[in-house]
Amino acid sequence: MLLGAGGALFHPAAQSLLAGLAERRRARGYAAYMMTLQIAAVLGPALGLALLNVGYWLVALTAAALWIGAAFLFALLWHAPPVRVVDGVVSGVRTVLRDRVFLGFAVVSTPAMLVTDQASVVVPLGGVDAGAVTVFACVLAMVSAAVQPWCAVPGRADRPGVLRAGLLFAAGGHLLLAGGAGGELTGLVLVAALHGLADGLLQPAVFQTIARLAPPARFGAYLGVQTSLSGLFAFAGGIAVGWSFDRGPGGATAALVVLALTACAAAACARSHPAQAIDARDAAPAASGVKQERP
């Protein structure tokens, strides 16, 4: 609960600061943000595996110390982009719910969190030992970080093809696991590479598209609605996946196939280019009921 609450505060705050930058700096800044997270994701599991030889208490204590150190680093962030103060949360959510263009994107991108996050769950549930899980996590993070320089080009990550590609890579990873690829290290590395590509493409695609569709003063509300929908979907899907794995090998295979089909269905629905959607929305403001504020 505490980790979830911390993530719910930290990531939206960091992304809101990045969204306040000009487009070129925003794309590069988010790429750097992602690469930093993934480098930590590579070093973290390796450090955790080494500390497990002493005991889990040392893993938890070290992680807490690192978070406290990170909190002190944020004291250096003196100059944040200026944000115009608007009405409260309720007003922001109402604005989002009247924006049909954005809601369409939010629905299409909702499965992204489920199909990417479940990779780190289903691999350990498949009976893989701690060392192999660490290799999986490190390869996934390195591939995700390697994609970020490509995503840092302004106007690239918010193309619908990037979102579709990320979802299809996730589908491929789950299908390989359903076929038994996770039983050998080579297959597990291939699955990790696919999920790394999925994660590395989907996160910038979602962020950049929200930044394009949201009025500058409403980015937090738009991000909050999208992540809330994704989180609820991932919560329900995670329970269903865990229940299926408890049913035995047949249930586990079925869960992995359903995850792959969910990603494919979302990819099939991701068709409209955000810029075209914005133009269409601006051309017909009465249809959406939203007063637009273009960046």
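What is the mean pLDDT of the protein, and what share of its residues reach 70 or more? The mean is 85, and 88% of the residues reach 70 or more. The model is predicted. The views below go from the whole chain to single residues.

View 1. The protein has 14 helices and zero strands. Read along the sequence, the pattern is α-α-α-α-α-α-α-α-α-α-α-α-α-α. Of the 295 residues in the protein, 40% are buried. Take the contacts between residues at least 6 apart in sequence: 78% of these join residues at least 24 apart.

**View 2. Helix α9 against helix α12.** Helix α9 covers residues 160–178, and helix α12 covers residues 249–269. Their axes come within 8 Å and cross at roughly 165°. The two helices are therefore roughly antiparallel to each other, since angles over 145 degrees count as such. The crossing of α9 and α12 is left-handed. From α9, the residues that meet α12 are Arg164, Leu167, Leu168, Ala171, His174, Leu175, Leu177 and Ala178. From α12 come Thr253, Leu256, Val257, Leu259, Ala260, Ala263, Cys264, Ala266 and Ala267. By class, the residues of this contact divide into 14 nonpolar, two polar and one charged.

**View 3. Helix α5 against helix α10.** Helix α5 spans residues 100–109, and helix α10 spans residues 185–213. The axes come within 11 Å and cross at roughly 170°. That angle makes α5 roughly antiparallel to α10. On the α5 side, the contact is made by Val101, Phe102, Phe105 and Ser109. On the α10 side, the residues are Ala205, Val206, Thr209, Ile210 and Leu213. Seven residues of the contact are nonpolar, two are polar and none is charged.

**View 4. Helix α5 against helix α11.** Helix α11 runs over residues 219–246. The axes of α5 and α11 come within 9 Å and cross at roughly 35°. The crossing of α5 with α11 is right-handed. Phe102, Ala106 and Ser109 of α5 make the contact with Tyr222, Gln226, Leu229 and Ser230 of α11. The classes here are four nonpolar, three polar and no charged residues. Phe102 and Ser109 also take part in the contact of α5 with α10.

**View 5. Thr134, a buried residue in helix α8.** Helix α8 covers residues 130–151, and Thr134 is found in this helix. Is Thr134 buried or exposed? Thr134 is buried, because its relative accessible area is 13% and the cut-off is under 20%. Leaving aside neighbours within four places in sequence, Thr134 is in contact with Pro45, Ala46 and Leu49.

**View 6. Gly183, an exposed residue in a loop.** Gly183 lies in the loop between α9 and α10. With a relative accessible area of 68%, Gly183 is exposed, because the cut-off is over 50%. Which distances separate Gly183 and Val128 in sequence and in space? The two are 55 residues apart in sequence. In space they are 7.5 Å apart, C-alpha to C-alpha.

View 7. Where pLDDT is low, the predicted coordinates should not be read in detail.

Methods. Residues numbered from 1 in each chain as written. Predicted model: local features only at pLDDT ≥ 70, side-chain atom pairs only at ≥ 80, totals over all residues. Heavy atoms only, no water. pLDDT = per-residue confidence, 0-100. Helix = DSSP H or I, 4+ residues; strand = E, 2+ residues; numbered from the N terminus. Buried < 20%, exposed > 50% of the residue type's maximum accessible area, 1.4 Å probe, protein only. Contact = heavy atoms within 4.5 Å. Axes fitted to C-alpha atoms, helices over the stretch in contact; angles between N-to-C directions. Parallel < 35°, antiparallel > 145°, perpendicular 65-115°, else oblique. Left-handed = near helix turned anticlockwise from the far one by under 90°. Nonpolar A, V, L, I, M, F, W, Y, C, P; charged D, E, K, R; others polar.
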